[in-house]
Amino acid sequence: MNIKDDFPILKNRNIAYLDSGATSQKPQAVIDAISEFYKKCNANPHRGAYALSQEATEVYENTRTKIAEFINAKHREEIIFSKNATESLNLIAYSYGLENIEKDDEIVISIMEHHSNLVPWQKVAKTKQAKLNYMYINENFELSDEEIESKITDKTKIVGITHVSNVLGTINNIEKIIKYAHKKGALVIVDASQSIPHMKIDVQALDADFLVFSGHKMLAPLGIGVLYGKKELLDNMTPFLMGGDMIEYVYEQDTTFASLPNKFEAGTQNVEGVIGLGAAIDYIESLGYDKIEQIEREIVHYAIEELRKLNFLDLYLTKNNENHSAVISFNIKGVHPHDVASILDAEGVCVRSGNHCAQPLMRFLGIDSTCRASFYIYNTKEDVDRLVEALNKAYNMFKKYIKI
Amino acid sequence: MDNLDEVYNELIMEHSMNSYNKKHLDKADYSEMGHNPNCGDEITLEVKLDGDKIKDMAFSGHGCAISQASTSIMIDTLKGKDIKEAKEIIKTFIGMIKREIKDEEELKKLEDAIAFRNVSNMPARVKCALLAWHTIEDILDKRENEGTASIDCCHK
């Protein structure tokens, strides 16, 4: 079985694509599902009484059920479609945070949060005169139990935590964080954007209050995201966006709102995105998370081994392989990551360079930016070899000029 | 980008890693920060004027090789020029990077800064090459506005 063959772009372009942490490539099955939808089922769901619109409604709503089963949500209406994880997090910040946080309450997040799970909480904290506190990482790029227990206090009302860091690849112990936060009476919002492409998520087993992710990092198209929230929480929240399809009765001066999930899905939705996400889930399930983890473990371990041999590199990752996912950040000592990325690009190796929407983490680490190679199921050892070869080339170009 | 050496050439590498222009001026007339928030490049440009002449310039900050070298080589090119001349050169440099100016004769006035012509083949890096040039543009605009402001003042 050659997984790469399922991804047309990897056949069309001779590249080592190592930026799946930014967005994954799409398998033929996902591309086909979207095109089939437009060829056979396209109409506006929930709007028409005619058969075609009914059919569009059906595929749209069936995908909601599929996602609920995929993450083991108790109720299908706990799945809300959004544009991406960022929008899901903003929805929580506006519709839950601003409504429930009070003066002197504490919001706790980790220093490794993506700006999307950080900036909205600054807004809530500032507006409500609450405190925004940070859990910091130790020398092993992990959150220690002591750090978790010292930062989450009786005053903490919300804990926002990324399941997997998009910079460090650290897998956070969210089971522990959720249990401890609940003991202290706080709700937990899990950003699963970097974890759900790689590992099984069970929201009931985790007991997560909210969990968000983007479709495009897990083989689905761009522009579709998911918000999971416990029904009793979502039921009591005010809508985020107002408009069509999220209402019950509209009068000149007042409106009553639809029940879940429509309450949070104003306006015509990204139906092709939803269909594509459904097809992506089918693809992931047909492969199975066991297989996915096996492929990734092999490739990521190989990459770590090979990169550790390059003594001109700084690597930013935990020594505990079992706490590390599919993202590796690195720098050539004394060379700016943008220059490295440009040289890698010339060799057909696609990596991300920059601050990865995590400026506070960069500042904490005392660096401006990193290069980041992120891996997924279609990557091979040859991709890693190309990366290593290109890094050697970059180092050799800069070697005689480097001042450390 | 087929030939990387055309961008990462000797001159650019040397200026980016070991620039003699990376220092502070004793008494700068202007000090302006330029940054590219997306990539974290940050430079502070210091300028000393003598009437209409750019007497001295220096920079500090951090960023990629292209942004650092471009700043340093810009300083070499603009130092000693009068403001009108400097503005011409800035316009030409920006035009070259945006591929709007290709005429060899016209590009000659860029002196060493012509070394950046192939950055136009790397669209992702264009903003790195332009950072310092936009910053000096801001400084010269600021000076011009101050000039008109003081004239207004005299007419009151």
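View 1. Across the interface of chain B and chain A, 7 residue pairs are in polar contact, both residues at pLDDT 80 or more. A polar contact is a pair of N or O atoms within 3.5 Å; within protein, one must be able to donate a hydrogen and the other to accept it, and residues adjacent in sequence count only if both atoms are side-chain atoms. Helix 1 (10–17) and helix 2 (65–78) of chain B are the elements that give two or more residues to the side of chain B that touches chain A. Helices (H or I, at least four residues) and strands (E, at least two) are DSSP runs, numbered from the N terminus. Helix 1 of chain B gives the most to that side, with 4 residues. By class, the side of chain B that touches chain A has 11 nonpolar, 4 polar and 5 charged residues. Ala, Val, Leu, Ile, Met, Phe, Trp, Tyr, Cys and Pro count as nonpolar, Asp, Glu, Lys and Arg as charged, and the others, Gly among them, as polar. The rule finds 2 salt bridges across the interface of chain B and chain A. A salt bridge is a side-chain nitrogen of Lys or Arg within 4 Å of a carboxyl oxygen of Asp or Glu. The side chains of Asp339(A) and Arg125(B) form a salt bridge, at 2.9 Å from N to O.

**Model and numbering.** This is a predicted model: local features need pLDDT of at least 70, side-chain atom pairs count only at pLDDT 80 or more, and totals for chains, interfaces and linings use all residues. Residues are numbered from 1 along each chain as its sequence is written, chains are lettered from A and ligands numbered from 1 in the order in which they are written, and side-chain values use heavy atoms, with hydrogens and water left out.

**View 2. Contact and buried area between chain B and chain A.** Chain B brings 20 residues to the contact and chain A brings 18. Contact means heavy atoms within 4.5 Å. The area buried between the two chains is about 1,600 Å², with 58% from carbon and sulfur atoms. Leu4(B), Met13(B) and Met17(B) supply 36% of the area that chain B buries against chain A, more than any other three residues. Buried area is the accessible area (1.4 Å probe) that two parts lose on being put together, summed over both.

**View 3. Domain 1 against domain 2 in chain A.** Chain A is assigned domain 1 (29–285) and domain 2 (288–401). The bounds come from an automatic or database domain assignment. Taken over C-alpha atoms, the domain centres are 29 Å apart. In chain A, 32 residues of domain 1 are in contact with 33 residues of domain 2. The two domains bury about 2,700 Å² between them, 60% of it on carbon and sulfur atoms. On the domain 1 side, His115(A), Val167(A) and His198(A) lose the most area to domain 2, together 24% of what that side buries.

View 4. Strand 2 (residues 41–50) and strand 3 (residues 53–62) of chain B run antiparallel, joined by 9 bridges. Two strands pair if DSSP finds at least two bridges between them. Leu49(B) has Ile54(B) of strand 3 as its bridge partner. The hairpin has 2 residues between the strands, and Gly51(B) takes a positive phi near 65°.
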